[in-house]
Amino acid sequence: MSVAMDLETILAASVPLTVPLLFAGLGEYVAQRAGTFNLSVEGMMLGSAFAAAYGASATGSPVVGLLCGMLAGLAVAFVHGNLSHRLQLNTYVVGLALNMLVLGVTNYLLSTTVLDIPRGSAWQVPLLSDLPIIGKAFFVQPWVVYLIAPLVLLIWYVRRTRLGLELRAVGDDPGASDLTGINVNARRRQALLFCGLCSGVGGAYLSVFQSGSFTSGMTAGRGYIVIAAVIFGGWMLRGVIGACAVFGVAQGLQLALPAIGYSVSPQLLAATPYLLALCSLAVLGARSKRPLALGMPFAPVR
Amino acid sequence: MNTRVSEDTAVREHPAPPAPGGRGVDAVVANLVDTLRSKARPATEQVLAFLGFLALGLSVGLLLGWATGHSPAVILSSLYEGSLGSSVSIAYSLTAAAPLLLVAVGAVICMRAGQFNIGQEGQVTLGAIGAGFVVFHVDGPGSLIIPLAFLAAAVAGGLWAMVAAVLKFGRGVDIVVSSLLLVFLAEQLLVALISGDGPLHDDGEGVLGAGTASQSPRVPADAMLPSVNVLGVEVPSAFILALVAAVLVAWFLKSTHPGYRLRILGQNPVVAGTIGISAPRLGSLAVAASGAFAGAAGAVILLGQSFQLNPGASSAIGWSGLLIALAARTNAGVSVLLALVFGAMVAGGGLLGGEGVPVDIVNVITAAIVVALLCPPVLLAALRRRRIRRAVEVA
């Protein structure tokens, strides 16, 4: 076996595992920069995976499934945002409780419905898909995958606008933001809603476009991986994208390495990204770009 | 920068009247003492709100059941039968509540000290690993093995939590972040230890043949946690342990000097530093203590419930325990109540399955209850504000 073929196998295994992390990771990045330590991203992904599966199976259309998934992500984000950035409830409690709630609701509904999910078909990008090694892995994918590019561009662009500045400001210094007339909690809710939307796409990809099925608790901690990726990425856009890729490849290697004849402890592979994240945090220490008011509620003085 | 923001919000949350005399730190200390003392609120109002929202949370779950064609009466009665209906089911509820309460009590300690350790799930896993090493590798009578296993579990959980504390006080890494990352490392560590050549791996029957499954041997019968017969109910000793721990922690935080210093550290780290409380020392101790309690919960799970280590041995007990502590607003007494509610739900869910109702409705009900329980303080605060406004208007 040639190195090129091995690389191709690894990429083919890694890309589908990276995609849901990327979608949710981009959303979580925005939410965290705005100051919400959003634990409910797991619930958003799981809920949207189910909603997408349900929608797609009811209508026979993957597009409707995707829309249902995004709606479900929005719904979880809406509840989270209003509880923690309107009623000032502790965002960690709300996040954990929502994860539990969504796990319960999806499992419950799963046992009362029969799903027949139409899988979204793969799109072949002309020319690019003929590239050696990376062609198949990157350019023969369900069309949802290509939404990542405009999404990244959007976030990159918004960072350079007033809205982006405000979003980061409410995450770093809500008090000062409030004084300059920014509605801190509204901005935080909006960031959360955006996170819900993105996680919704990620969840829909998992159930409708990648596996074509929904199983109980199918996100299997991906939401927490996403949070780890945002941390590992140092709360920077390119860092988060890179970190999602690292986590995705680490998962992909667990599948691909046995297939190409290497045996590495799968636990070590799975643990490596977390270890890397911890080490990079330890090296960076207090110099990391953590949003200063991350996870802190803000009650405006009236 | 960070501390400035938190101090800011802490002051803002308690707009107490300006303290008489004194300025700067003195005034803040006086202010702090006032808020620490004025925790007592009209008790009946609180209990009523608690019960009201408990019912609200329950009805959300029942509504879901009703909407999918299951009679709420059946759900309620099987929940009741499974959790409180007989002495057996009561014992089952208490068994389920015990590790949750231990985790929650630990979480209360570190939250009160202002150390936001959310890695209980990983610390529970480490506790189970520590207990596993003792149970599977030390020969001896149960009376020796059980305390030793608890000790090992507490040390393992405490050390795992200390990693996060060291990173925080040594390198300034946010403890929320590091303790969360440690959860996933713990998970992988457990699987590595119980599979393949791992020291806790069992060569016995696996699904794919002998020695293939990731699992540990089973806990020998004399190392299983005993139970105590109280009024006809076989109360698991783990629950008694957890209850004693909760009472001790509540007393420690309320009535001892170290507990008082711990609360000051949590309320206002700047003041704590000024009056000579060492945040690194006291903070790390609080984090280690919370890890030790979570570790003990891991031992309880291994020796009292699962009797075997599997991947995911902690079965989300850490997350639920953390949830209990936070939903109880870091109050040890309320944590006991909530842990009992959670335990009852787990036990009641067992019986629901037999009625043809999907067990997962229990998760829905529990989560709805938690969300609902978070609301009373908000509501009570609004009520209080209104009352004050009325009083001002009358005057």
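1. Among contacts in chain B between residues at least 6 apart in sequence, what percentage join residues at least 24 apart? The figure is 74%, with two residues taken to be in contact if their C-beta atoms, placed from the backbone, lie within 7 Å.

2. A word on what you're looking at: this is a predicted model, where local features need pLDDT of at least 70, side-chain atom pairs count only at pLDDT 80 or more, and totals for chains, interfaces and linings use all residues. Residues are numbered from 1 along each chain as its sequence is written, while chains are lettered from A and ligands numbered from 1 in the order in which they are written.

3. Chain B first. Its secondary structure comes to 15 helices and two strands; these are DSSP runs numbered from the N terminus, helices being H or I of at least four residues and strands E of at least two. Of its 395 residues, 51% count as buried, meaning that 20 or more other C-beta atoms lie within 10 Å of the residue's own, with C-beta atoms placed from the backbone.

4. Chain B splits into domain 1 (50-70 + 359-395) and domain 2 (91-356), with bounds from an automatic or database domain assignment. Their C-alpha centres lie 29 Å apart, and each domain gives 10 residues to the contact. On the domain 1 side you'll find nine nonpolar residues, one polar and no charged ones. For these classes, Ala, Val, Leu, Ile, Met, Phe, Trp, Tyr, Cys and Pro count as nonpolar, Asp, Glu, Lys and Arg as charged, and the others, Gly among them, as polar.

5. Have a look at α7(B) and α8(B), which pack at an angle of about 145° with their axes 9 Å apart. Axes here are lines fitted to C-alpha atoms over the stretch in contact, and angles run from 0 to 180 degrees between N-to-C directions. Among the residues that meet are B:W160 and B:L167 in α7(B), and B:I175 and B:L182 in α8(B). By class, this contact has seven nonpolar, two polar and one charged residues.

6. Now for the two chains together. Their contact takes 42 residues from chain B and 42 from chain A. On chain B, α1 (2-13), α7 (142-171), α8 (175-194), α13 (317-327) and α15 (361-394) each supply at least two residues of the side touching chain A. That side has 28 nonpolar, nine polar and five charged residues.

How values were computed
A residue is buried if 20 or more other C-beta atoms lie within 10 Å of its own, exposed if 12 or fewer, and partly exposed in between; C-beta atoms are placed from the backbone.
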